[in-house]
Each structure stands twice: as C-alpha cells, then as structure tokens.
Amino acid sequence: MIRSYFKIAYRNLLKNKTSSFINISGLAIGMAVAMLIGLWIWDEISYNKSFENYDRIGLMMQNQESNGKIHTYNAMPEPLAPELRNRYGNNFKYVISSSWTGDHIISSGGKNLSKRGIYMQAEAPHMFTLQMLAGTRDALKDPHSIILSESTAKAMFGDADPLNKLMRIDSKLDVKVTGVYKDFVHNSEFGDLDFISPWDLYVTSETWIKWTEDRWENSSFQLFVQIADHTNFATVDKNIADAKFIRDIPEDKHYKTKLFLAPMKDWHLRMQWENGIQTGGLIEYVRLFGIIGVFILLLACINFMNLSTARSEKRAREVGIRKAIGSLRKNLVSQFYTESLLVVLCSFGLSLLLAKLFLPWFNHMASKEMFIPWTNIWFWIFCLAFTIFTTAVAGSYPALYLSSFEPVKVLKGAFRTGRLASVPRKVLVVVQFTISIALIIGTVIVYNQIQYTRNRPIGYNRNGLMMIRMKSPEFYGKFDLLKNEMERAGAITNFAESSSPVTEVYSNNDGFSWQGKDPSVNGAFDNIWVTHDFGKTVGWQFIQGRDFSRAFTTDSNAIVINEAAVKFMNLKDPLGKIVTWTARPGKNLIVIGVIKDMIMQSPYDPVNPTFYFMDYENVNWMDLKLNPRKSAAESIAKIESIFKKIIPSAPFDYKFADSEFAAKFAAETRIGQLSGFFAVLAIFISCLGLFGLASYVAEQRTKEIGVRKVLGASVFSVWKLLSKDFVVLVMIAMVIVIPVSYYFMHQWLQNYSYRTDISWWVFALAGISAIIITIMTVSFQSIKAAMANPVKSLKAE
C-alpha cells in the first residue's frame, strides 16, 4: 500500500511540473532559511556551555542608586574579593579577581606579537575548566608565569615545546610559559583570549593597583565566582545583599549599592539592565529570528496548501472513484500525506544543499563560525522531526480538504468548488503578504534608525583620525620625538595623547563639587586626560572659552567640560567656575572651556557629563590626524617606518576612529541586513505562490476570457479582471500589517534614547512595493491569458 502511495505521488509530481517546481523550490528555500536560523539560534543559546561549571559560574554585579536612578555595573573594587572570601566564604567555591581582557605585546626570542590577554587569580584554570595540552591547571600559581592558547603557542614557538620558555609581556614583565590550553570555542566569553597571567603579577606591576587595594570607591576590576555545590544563585544573592561595599567615603550618603550575581547563562543573552531591572538583551533577537524562521517556513507551506487545494477539481474524480470502490477517508488522508511527504523530502534534500552553499555567507553576515554537524546523530534526529513537522503543516489542509469530497456528487458531475472554496486560499495569501510586508517595514525602520544615529552630530571630526594604544613602556617619553619625525615626513597635521581612545571612555569618577552644587546630587563624571593639541587633533568644537594652551602654565589645574556637564551642574556661566575633587584634595580645578558633546560611547544613548584634564602621565593612547593632502596608505607607511625605528619592540597596530565608530552599529546593521535578506526571501516565496495561483485562475477562466474577448473585451480589461483580486488581497494585508508593525517597531525603538520617528512613507513604500511586485508577478499569466486566441480556447471547451 505504501509503495502504491509513493508511486501515485511520484506520478502526480511529474504530471504537474509547474506546481511541483513551485512547491519544491519554495519549501526548499523556506527549510534552508529555517535551518540556517536554527544553527544561529543554537550557537547563541549554547554560548558558554562549553564550560563544565556553566551552571554555577557567576559574574559579580552591583546596582548603584544615585541621583534617583539605579545604574548596573560589573566593575568591582579590589578589596571586595578578600571580603567575600573572609565573610561569605561558605557561599563560594572560587572567588577570582580579574583584569579586563585587553591587547598586549608578548615577546620571545626577538619575536613580538600583539595578542589578547587577561590577568586572573591562580584558581581560574580550575573554575573555567581549561583543557590543558601542556602543564596543569595549577600553572598560574607561579607569580611570574603565563599560559598560552594552543594557537598563540603555535604562532610564537612553532612546533617547538613552549614549556619553560621565557617571554615578556608589554616589554616590562618577565614570565615563563607554564602551560598551554586548548583554544576556547568561538561562542564563549573568552573566545578571543590568547593568554592568561597571574593576578599577583598584575597587582605588583601596576602602581595604581596598589593604591586601590583598600580603596572601596575605585571599581576597576572584574570578579568571577563559582558558587558552592550546596547553594544556588538566589540564596547567594540573598546572603551577600548586606555586604558593606563602600567604606569611609564622604560621598557614601549619595549611594545605595547592592551586590548580586549574574549567572553565566545570562552573560551573553540577558545583560541589558534598566533602572536595576534585567530587561533582556540579545535574547530578544534570538526570539525575533526564531519567529522569522517559522514565518518563512509557513509561507512556503502556504504555497503548498494553496496550489494543492486550488487543483481540487482535477483530483475530485480520483477521490470519488476511490471512495466508490471502498477506500476509507483515512486511506485517502494517508495518500495525500504521502504526496506531501515526497515533496518535503525532495525539498529537504535541496535545502541541505542550499544551506551548505549559503552558510559561509551567512557566517560572514552574522559574524559566526557555524557549521553543519553532519556526524552528529542529534542533528539528524532534529532533521527527521523537522521534516515530519513540515509535512504535517504543509499537508494537513490539502489532505483533510481533498479527502472530504462526497463521491456521489463528484461522480454525477455535480461537484463544483464554488466561491467559498477559494476563501481559505485568499486568507492564506493575505497571511503571506502580511508577513512579507511586515518584514519590509521592519527592515526599512531598522535602516532608518541606523542612518539617523549615524548622522547625529558627534562633536569632533573622525575623518583621518588614527589611534594607537601605548602598550608598553617604550611608548612613553617619546611624544616630542615621534611628533617631530611624523611632521617632518608630512604624514600628520596634529598629534596628541589621551587616556582612552576617542571612541571609548575608560574612567568615570565621583567626588566632585562645585559652586552652587545641590548637596543631594552625586557628582559623577566621565574623566578623560589629554595632552596639548588634543582638541586640534580630534577637532572638538568650542561653545565657550578656550582650549588647553602651552602659553598658560596654570592649565595643569584647568578642565574643559562638555555641554552635558554644564546642564548637569546647572551652571549659567561655567567659565571660571571652580571644581574640587576628593581625589585631588587641596586643588581647585578651573573651567576654561565648554565644548559640544562628543559621542565617545554608544551613539544611541545620551552623552554623559564629561571632564577633560590636561595631563601627560595618565595617558594610554596616541591620537594622530593624518595629512589630508597625502593618501592614507602613504601616510600610514611613513608612520609605520617611524614607529618601527623609534619603538622597534612593539608591533605597529592602529585603529581608525571612523571604523571604530562604525563598529558601534554592528549589531543593528547585522539585524537590518538579515531582516532585509529574509524580507526578500519572504517576498520571493510569496510570489512563487502567487504565480502558481495566477496560472491556475487563468486556466480555470479560459472559457470566460474567450467569451469576453469575442464580445470585444480588450487585453487591458482582461488583465485588470485577473489581477484585481490579488491586488485586493495585498491591500487587505496592508490594512492588517500597518498597525501591528507600527506597534512592535515603536516598542523596539524605545530601547534607544536617541531614535528616529516612524514616518508614514515607510508604510506607503512597503505597501506600494508589495502591490507593484504582485502586479508584476500575476501579469505574466494574466497577459498571456488575455492575448490567447479566443477561438482556440472556446473550441477546446
């Protein structure tokens, strides 16, 4: 019986080649998209699951209430780690102090590499279950040790044994290789980590860290923990809620700080906080693309349903005869499900090929390293379930509808589908275009939001602005030498140094007071230390006052502030105002200038109040303005040769401000590109279905068209007759989708403080585009039918 089912299904596929092609290609595209999205979702939800202690590792967080708002940070003071071990030790198995992952220069045997590294306490390899290829997980107990990733060890030492080899970090720390670990997988918190060195080495090598050992007000480090086996995160949060966090600070009365843990499962997907409440994060995009994947698969299934039921009259006699000779309805349902299964199996095979072909492009678009796990049994089990699910969805309506025909009516020739029979098909077409138009609207609004924010005034000139991190001591004390050499070569027009790159802010401090300050307000500001000519180099724009100048020796006690600071401080006439800071007791800082807000962090958020100090010591970045009269390639080549001559031990690494600024839009740009791609596929699949339906309608109305042409109907009137029904369906879809899309996109835009408006033309563009595409799709069959010879069509009837 099953063999017979498949034989009949195969014959029907060959008999109806056009509808078979549309069904198989549409389902294949839908299944391939669903498969790619499924791989992406799995990559996201499996983030960090490669760690054996995944469900017990946490990151210490703090909710800090200040000025009526709660801010959430993962930066901790250095004394907190011993405090947790001493007072709350029974809650934890490990408490690990850590630096932030950063770029460093590692050297050995005259070879210098720029790599990503971190300093952690000695128990870190145990907590993160490093897979040691050489050495043991106790390798960091030596305070002058370093453990390398497998790829870094290979890059530095080739095939030689790296153990016990001597190295230098940032040209100042002598270390010995005590271990090599297997590279972390790409979808993990430390996917780009190249080496780990001991925390004790970090503490003893940086004088500013020694200053923070008992400074509770300085939150500059990360704190990872593994909770004890007998407890859970909720219990630990409750136990540490009363931990005394900040001690002996005059401004303590302005803060209410509460500690809590962020479980590792939340680090990647749920690290968005608003007023102290976890509000989501990347998990929203996981849900969004999951829904899009289901919708696109549904569009392909709708095509199958529509084309199968549209040709019901041609299958009616077959059903009648089968029932007349004793076939039960369940047998007919099985037959039609078998036909659906055959189509889905063909589509699934083609979808695997499409997924394989498009996966490299999809990886590039999504910044992933995904692969199809051909050898994983669970992958094939999932594919089997996926195929069965698609068969059930696509084949259910045709099987139930076709098997319901009454044999008496069919065999007597009294069976007619009638107008009501087309209603379900029309509803499904409306559903298709509702989804497609919604994707178009969403794509356009995401694009508008990105462009709106890109065009936001940033307060400086990022064109030709190069940034170089001062990674080792060799960079310091060479400011004038480098400046003179690069100017002599004609490579730059301005040169300065700063404590952070132009596209980031590394320091935020409180303890500031000023004339007229409200005692209840906490004076916390972003802090940036700069050298002379920083303003000229970045092109900041003054509203009042002047820049730092070598002509004024008092500028060492001067500050430049931004517009946000003036507003926050409620200053009517800021110039000459005196600001005091507990970190610099006895010194009065004088405001000499006010600049327009510089967007140095997220372009979607308001600019923070910021103070700029003039200082040649607390600087870590070099800022260079390339000569606009020379090509960038020529200038970079000259700068590189100068740096290699003056600082030969350091690899020449640089960043451009415009590319770093563009990277801030990466997530939204990626979402927009993927949404656009899926919108195009959704429209294409919908049009495939429309093309098939238009072909069927033209075929069914052949006699009517012939009669109309004999009576004088023009080609245009016939085209209009056949096209208008489809256009009406698209317009109904527009009426449904516009308010729904507006609601959801408006909610999405609320995530951004700086956001675009949703204009009426977005919906008009999407609707008009859908109508034009629909008319173009159905016009081929409509015009073909309208231009047919009526004599042939009437004679055939």
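Select I732, which sits in helix α22 (residues 715-749); helices are DSSP runs of H or I with at least four residues, numbered from the N terminus. I732 is partly exposed at 38% relative accessibility, where buried means under 20% relative accessible area, exposed over 50% and partly exposed in between (1.4 Å probe, protein chains only).

This is a predicted model, in which local features need pLDDT of at least 70 and side-chain atom pairs pLDDT 80 or more, while totals for chains, interfaces and linings use all residues. Residues are numbered from 1 along each chain as its sequence is written, and side-chain values use heavy atoms, without hydrogens and water.

Next, select E284 and R287. Their side chains form a salt bridge at 3.3 Å, N to O; the term requires a side-chain nitrogen of Lys or Arg within 4 Å of a carboxyl oxygen of Asp or Glu. Both residues belong to helix α9 (residues 283-310), three residues apart, about one turn. E284 is partly exposed at 38%, and so is R287 at 46%.

Move to helix α15 (residues 479-488), where K483 and E487 are four residues apart, about one helical turn. Their salt bridge spans 2.9 Å, N to O. K483 is buried at 16% relative accessibility, whereas E487 is partly exposed at 33%.

Stay in helix α15 for R488 and E485, three residues apart. The closest N and O atoms of this salt bridge are 3.1 Å apart, and R488 is exposed at 61%. Finally, select D43, E44 and K368, which salt bridges with shared partners join into one network. The structure holds 23 salt bridges.

Key:
Helices (H or I, at least four residues) and strands (E, at least two) are DSSP runs, numbered from the N terminus.
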